[in-house]
Amino acid sequence: MNISKIILYDEPSVPEIQINKLKKFISDYIHTDVIIRNNLFNNANEKIIEKISKCRIFDIKSPFKEHNPTEEELQFEKEYCNNTKIMEGTKTPETAKQISEIIMYDGFEIRNVLESLIPKEELVNDVLHIIFTNKLTCTYDQNDFRYHGRAVICSNPSIISTAGMVEAPGKSREYCFDIMKAKSLGSDLESIKKQYQNEFLDYHDERTSKIAEGYLLQAIFYNLTGEAFCESLDCRLNNAHWQKDLLYSQLEFGKLCEKHQLVLEKLYL
Ligand SMILES: [Zn+2]
């Protein structure tokens, strides 16, 4: 399938994405029209807010069950979607310390809500919609019967979650051990984070834009070829399970493997 236009939806609460830079990156890589739009979550009406809130996951060990939001949760969702004040005591990805404390959404359910916000005439095969969000998208895995965080939901529209980039690929055992040790001793966690900063991506990390390029390529490849990922670490399509692999494939190696570069050239040159 060919793509004649890509529409990128910005996430203004994460300026480190550098959406204009990403637009240029795609235009240089594949010769197609790229346009930037506002975030679809902003200014969502009450009905949409309710639909988004219904996508929340409360039990990571059960498949999706529609949630019935309370008034408080609806109010929270409204503020979260508009990037205004977040209610005290509620953990958004940036303030949460553990994945279990973070608000999680079913990635496919939220994708369906977002699709309903796109004008019908733009829901055509050759227009690819890629939506950035700070919400943590998750999918239920039938192999181990639990939800996992995902940085990218490949479909049309595709979703790229900045919280997923931080939370989905695992951090090293050594880091987790040091954090556990510091917690039990009541010592400073920030200094440990600093010590390991070259091994993982953090919230509002200046490397976010570069990492996002890889996830953009995965969403694009999925829609071009039906396959998003590559087995090789020496390729930006690698579906990293570990943070150190993510940083290696996207920053250190920073290219497509030969096979996938050829796929792209055949399609676009
Ligand atoms: Zn590859």
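## Overall architecture

The protein chain holds 10 helices and nine strands; helices (H or I, at least four residues) and strands (E, at least two) are DSSP runs, numbered from the N terminus. Its radius of gyration is 19 Å, close to the 18 Å that the globule rule gives for 269 residues, so the chain is as compact as a globular protein of that length. The radius is taken over C-alpha atoms, and the globule rule is 2.2 Å times the number of residues to the power 0.38. The C-alpha trace spans about 60 × 45 × 35 Å along its principal axes.

This is a predicted model, in which local features need pLDDT of at least 70 and side-chain atom pairs count only at pLDDT 80 or more, while totals for chains, interfaces and linings use all residues. Residues are numbered from 1 along each chain as its sequence is written.

## Burial and the nonpolar core

Of the 269 residues, 36% count as buried. A residue is buried if 20 or more other C-beta atoms lie within 10 Å of its own, exposed if 12 or fewer, and partly exposed in between, with C-beta atoms placed from the backbone. Two residues are in contact if their C-beta atoms, placed from the backbone, lie within 7 Å. Among contacts between residues at least 6 apart in sequence, 67% join residues at least 24 apart.

The largest nonpolar core has 62 residues, and those with the most contacts inside it are Met104, Ile130, Ile160, Leu216 and Ala219. Helix H8 (residues 208–225) supplies the largest share of this core, nine residues. Such a core is a set of buried Ala, Val, Leu, Ile, Met, Phe, Trp, Tyr and Cys residues joined through C-beta atoms within 7 Å. Not counting residues up to four places away in sequence, Met104 touches Arg56, Ile57, Leu136, Cys138 and Tyr147.

## Packing of H2 against H3

Helix H2 (residues 46–53) and helix H3 (residues 71–81) pack at an angle of about 105 degrees, with their axes 9 Å apart. H2 is therefore roughly perpendicular to H3. Axes are lines fitted to C-alpha atoms, for helices over the stretch in contact, and angles run from 0 to 180 degrees between N-to-C directions. Angles under 35 degrees count as roughly parallel, over 145 as roughly antiparallel, 65 to 115 as roughly perpendicular and the rest as oblique.

On the H2 side, Ile49, Glu50, Ile52 and Ser53 meet Glu73, Leu74, Glu77, Lys78 and Cys81 of H3. By class, this contact has four nonpolar, one polar and four charged residues; Ala, Val, Leu, Ile, Met, Phe, Trp, Tyr, Cys and Pro count as nonpolar, Asp, Glu, Lys and Arg as charged, and the others, Gly among them, as polar. Ile49 is buried, with 23 other C-beta atoms within 10 Å. Leaving aside neighbours within four places in sequence, Ile49 is in contact with Ala44, Leu74, Glu77, Lys78 and Cys81.

## Packing of H8 against H9

The axes of H8 and H9 come within 9 Å and cross at roughly 90 degrees, which makes H8 roughly perpendicular to H9. Lys210, Ile211 and Gly214 of H8 make the contact with Leu246, Ser249, Gln250 and Leu251 of H9. These residues divide into three nonpolar, three polar and one charged.

In helix H9 (residues 243–253), the buried residues are Gln243, Leu246, Leu247, Ser249 and Gln250, and what covers them includes H8. Gly254, whose phi is positive, near 65 degrees, follows H9.

## Backbone features in loops

Most residues other than glycine have a negative phi, and most peptide bonds are trans. A cis peptide bond joins Asn156 and Pro157, with omega about 5 degrees. Pro157 is found in the loop between strand S8 (152–153) and strand S9 (158–161).

Phe145, although not a glycine, has a positive phi of about 55 degrees. Phe145 is placed in the loop between strand S6 (136–141) and strand S7 (146–150), and it counts as exposed with 11 C-beta neighbours inside 10 Å. His204 likewise has a positive phi, near 55 degrees, in the loop between helix H7 (189–195) and H8. With 12 C-beta neighbours inside 10 Å, His204 counts as exposed.

Ile19 is placed in helix H1 (residues 19–29) and counts as partly exposed, with 19 C-beta neighbours inside 10 Å. Not counting residues up to four places away in sequence, Ile19 touches Leu8, Asp10 and Ile36.
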